[in-house]
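Q: Could we go through this structure together, one topic at a time?

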Amino acid sequence: MAKRNSKPGAAPKFESILWQAADKLRGNLDAAKYKHVVLGIIFLKDVADEFQEKHAHLEKEMGADPEDKDEYIAENIFWVPKEARWSYLLGRAKQPTIGKDIDDAMVAIERDNPSLKGVLPKDYARPHLDKQRLGELIDLIGNIGLGDKRAVRKTFSVAFTNIS
């Protein structure tokens, strides 16, 4: 049996959160559609975590500017504008406008990262998507630590293949 490279317990927690996320949306959306809602939010969390890690590093570095977009681009890290940062979205998760806030975050990330232009989902404000459940989903996904990216992406891929 091959030895896992990820931290013990990391993947099962991530997988468990993915199932909880699917459960939050079950009944509110068709099963074929709710995985796309979750995937988009996890994408936001993933890029925000990577951005925040670099941001924290730059804050400690003498003479560095953590708000200089070029610092991120130089290391192939997506620039995340303030209105798309996870802390901002998490703080707005209970607001009835959370769907629009997520859509605006996707638009802002695309605007500032041309390689993503036209790729990200921007339909979180649609009327039939329950905003309370969407806020709960933000809170839930906020518990995912995306530090071990290889393990997370493998589990992520397997979990969503099984959902559809």
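**Working notes on the model**

Q: Where is Val80 found?
A: In this predicted model, Val80 is located in the loop that lies between α3 (69-73) and α4 (86-92).

Q: Is Val80 buried or exposed?
A: Val80 has a relative accessible area of 0%. Because buried means under 20%, Val80 counts as buried.

Q: Which residues is Val80 in contact with, leaving aside neighbours within four places in sequence?
A: With those neighbours set aside, the contacts of Val80 are Val47, Ala48, Phe51 and Arg85. Phe51 is 29 residues from Val80 along the chain, and their C-alpha atoms are 6.6 Å apart.

Q: Changing topic, at what angle do α5 and α6 pack?
A: Helix α5 (residues 98-112) packs with helix α6 (residues 131-141) at about 55°, and their axes are 9 Å apart. That angle makes α5 oblique to α6.

Q: Which residues make the contact?
A: From α5 there are Ile98, Gly99 and Ile102, while α6 brings Lys131, Leu134, Gly135 and Ile138. By type, four residues of this contact are nonpolar, two are polar and one is charged.

Q: What does Ile102 touch, not counting residues up to four places away in sequence?
A: Ile102 touches Ile41, Leu44, Leu89, Tyr124, Leu134 and Ile138.

Q: And which residues of the largest nonpolar core touch the most other members?
A: In that core of 32 residues, they are Ile41, Leu44, Trp86, Ile102, Tyr124, Leu134 and Ile141.

Q: Which helix gives the most to this core?
A: Helix α2 does, with nine residues. At least two residues come from each of α2 (31-60), α4, α5 and α6.

Terms used:
Residues numbered from 1 in each chain as written. Predicted model: local features only at pLDDT ≥ 70, side-chain atom pairs only at ≥ 80, totals over all residues. Heavy atoms only, no water. Axes fitted to C-alpha atoms, helices over the stretch in contact; angles between N-to-C directions. Helix = DSSP H or I, 4+ residues; strand = E, 2+ residues; numbered from the N terminus. Parallel < 35°, antiparallel > 145°, perpendicular 65-115°, else oblique. Contact = heavy atoms within 4.5 Å. Nonpolar A, V, L, I, M, F, W, Y, C, P; charged D, E, K, R; others polar. Buried < 20%, exposed > 50% of the residue type's maximum accessible area, 1.4 Å probe, protein only. Core = buried A, V, L, I, M, F, W, Y, C linked by side-chain atoms within 4.5 Å.
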